Amino acid sequence: MCYEDGKLLEYLDGECAPEERQAVKAHLATCADCAAALVVLESDRQFAAAALASLQPKDAPCAPPVVEATPAVAGRRRPAVVERFGWGRVAAAAAALVFAASFAFAPVRGLAADVLRIFRVQKIQTISLTQADMDRIGEALSKGEGKIDLASLGEIDLVGSQPSPEETTLEAAQKAVDFELALPKGIEGTRTVQLQKPMTAAFKLKVDAVNQMLELYGSEKLLPREVDGKAFTFKVPAIVTVNYEVPGSAAGDPDDPGAGPMEFVMVGAARSPELVVPDGVDPLALREVIVNLPFLPDNIRRQLAGVDDWQNTMLIPTYGTNGRDITIKGVPAVIMVENAGAGPASQGVQGYATVIWNQDGVIRVISGSMTEKQAIAYAESMMR
Amino acid sequence: MPMPRGDTTLIDDARRADAPRSAQTDFDAGAVFRAEQPALLRHLLYMTGDRALAEDLAQEAFGRLVQAADMEDVRNPRAWLMKVASNLAYNHFRGEGRRTEREIRTAADGDALAPDIDAVVDVRRCLEALDPRDRAVLMLRHSGFSYAEIADSVGLAANSIGTTLARAQRRFRDIYENGPAPARRVI
C-alpha cells in the first residue's frame, strides 16, 4: 500500500519511528510511484531551504542573495545547487559563476599586442565579500536610483544561448567538449548529464552614458572614448554538468545508513570563458576605472588592488568567511562551505560544500550537500 | 523535552508532593537573559522580518519565562523560550492573515548588460501568501526544529506535521514560481 506525502516526508526528514522507517524503506524499494514522490518532496525541501536561507540574519555567513525563479519543467526536478544559485549561475559552471563580479580580467601571459586583448582565466583566487560589503555597495548604488536608465548604457547581442541546458548522455557530452570529463570516484547514486552549448555575448557600451553614470557616483576615472560603440565579446564555451542524486548518509542512525534524506551533488566542467576587448582599447585603462569605482568598499578595493598577479587571475567572491584558498595535490583551488541552519535541533543535516579549481585550462567544480572533507576528497579523485 | 502532556502533569504532581512549595530557586533571570537573548531575537527576526516586532515578542517571551520559572521548574530555558517565541510568531501570522492580493514580484532594473536576469522574487511576500499555519511550520522546519518541537509551537499533533510541511513546501514553491492564487470567492 502506498504512502501519503506526509509520511514520505517524515521518512525523508528522519522523523519516522524506527519500525515505520523500515517499512517505508522496504516499500520504496519496490514502488516506483512512491520513489518518484520522494524525489519531488526532496526537491521541494531543497527549494524552500535555499529560499529561506536568504532570510537568515546578516551576521551569519550569507547565502547568495538572489534565488532565481525559473519555470519548472513539468516533472523535472532541479538539482540542489541550481535551487541555490539558479540556472544563470550554474550554467556558467563556476568558470563564469561570478565572472561579471570578479573585476579581474587579465591578459594571457606575454604575447603580441593584439593577443593581450584576450582575457582568459588561468588562476582562481578568493575575494572575501560579505553581506555587509554587498549592503554598502547596494546603498551607494541606490543613490543613483531613478537617475540612471540602465538600458541606455549599451546593447547586448546573444548568440547561441539556450533557456536551459539540455539533458544528454555522458558519451554525447564528452564528444561536445575537447577535454576529458573527469567524474569523482565513489559517488553512488543516479546520475543525469546536462550540456550547455557554447554561447557568445557581444556587447557595446555607450561611453557617454556610462561616463555620466560614473560621474554621478563620483568616479574620477572615466572610460576612454575609444570604447564607444566597439564590441566586447564574451565567449562562454560548452559547459557540462553532471548531477548526482545520492541516498543520504545517516542523520545519526548507524543501523540504517540509507534512511537519511536524499542528497544532491553537482559536478561541472568547462574551458575558461574568454573576454575579447575591442581593437584600440587599452585593457589596463579599463582596469583602472574598475578598481577606482567610488562605491567599492575599501576592503574590496584593497583586495582588488592587492591581486599581485593581474595576469590570468579570476576572483571568486566568497560570502563571509566561508571561502578560502586551498591546495589539492599541488593544484590551487577555492573551497566554500555553508553550514546547515542554526536551529537548536538541527537533526544532523549537513551543509553544502563547493570546490572550484582550474587545471590545464579546464575549470571544474564540485558542489552539493556534503562535508568539506568529502568535497575535497571528491575533487582530488577528479584530478589527474 | 516535548513529552505527552499527561505524563508531565503526573510527574510534576509527584515532585510537588515531595518538594517544598517554592519558586525555582536557582533561576537567575539576568544570566538567562544575557545567554539567550541574542539567539531569541535572531530567531524572531527571521520569523517576522520586523526588528521592532521581534524585540517586542522577545520581551514578551522572556517575561513569560520569568513568570513560569516562578511556578515550576524550567529545565531548559532556551528550548522553552524558542517554543514560546515560535508560538508568538505563529499567532502574529494568524493576526496578519494571508496576503494573496499583494504583488510578490519586484522586477530588477532592466540591465543592459545582462538582459536575461530574472525578476527578484520577494521570499517574504511569498511566505505571507501562505496559510499562517503552513507558513509557521515551513519557517520553523527550515530553522532547524524537529517535528515534535514544531507541533508544540503551533498546537498541532506531531503526526500531522509531515503532511502540513509537505503541503507548505509545495505551496511555497508554487507561489514563488507562479504567483499567488487569485482570491477565491466563497458562494
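A residue counts as buried if 20 or more other C-beta atoms lie within 10 Å of its own C-beta. Keep that in mind for chain B of this predicted model: of its 187 residues, 37% count as buried.

**Chain B in outline**

Chain B is built from eight helices and two strands. As for contacts in chain B between residues at least 6 apart in sequence, 62% of them link residues at least 24 apart.

**A pair of helices in chain B**

Two packed helices are described by the angle between their axes and the distance between the axes. Take helix α2 (residues 29–48) of chain B and helix α3 (residues 51–71) of chain B: their axes come within 9 Å and cross at roughly 140 degrees. That angle makes α2(B) oblique to α3(B). As for its hand, the crossing of α2(B) and α3(B) is right-handed.

Who does the touching? On the α2(B) side, the residues include B:F33, B:L40, B:L41, B:L44 and B:L45, while α3(B) brings in, among others, B:L53, B:L57, B:F62 and B:V66. Sorted by kind, the residues of the contact of α2(B) with α3(B) come out as 13 nonpolar, two polar and two charged.

**How confident is the model in chain A?**

Over in chain A, the pLDDT averages 69, and 58% of the residues score at least 70.

| Stretch of chain A | pLDDT | Contacts in the model |
|---|---|---|
| residues 58–118 | under 50 | 134 contacts beyond four places in sequence |
| residues 250–260 | below 50 | 22 contacts beyond near neighbours in sequence |

**A closer look at A:L8**

Helix α1 of chain A is also where you'll find A:L8. Is A:L8 buried or exposed? It is buried, because 24 other C-beta atoms lie within 10 Å, and the cut-off for buried is 20 or more.

Which residues does A:L8 contact, leaving aside its neighbours within four places in sequence? They are A:Y3, A:C34, A:A37, A:L38 and A:L41. There's also a distance to look at here: A:L8 and A:A35 are 27 residues apart along the chain, and their C-alpha atoms are separated by 9.2 Å.

Conventions
Residues numbered from 1 in each chain as written. Chains lettered and ligands numbered in written order. Predicted model: local features only at pLDDT ≥ 70, side-chain atom pairs only at ≥ 80, totals over all residues. Axes fitted to C-alpha atoms, helices over the stretch in contact; angles between N-to-C directions. Helix = DSSP H or I, 4+ residues; strand = E, 2+ residues; numbered from the N terminus. Parallel < 35°, antiparallel > 145°, perpendicular 65-115°, else oblique. Left-handed = near helix turned anticlockwise from the far one by under 90°. Contact = placed C-beta atoms within 7 Å. Nonpolar A, V, L, I, M, F, W, Y, C, P; charged D, E, K, R; others polar. pLDDT = per-residue confidence, 0-100. Buried ≥ 20, exposed ≤ 12 C-beta atoms within 10 Å, placed from the backbone.
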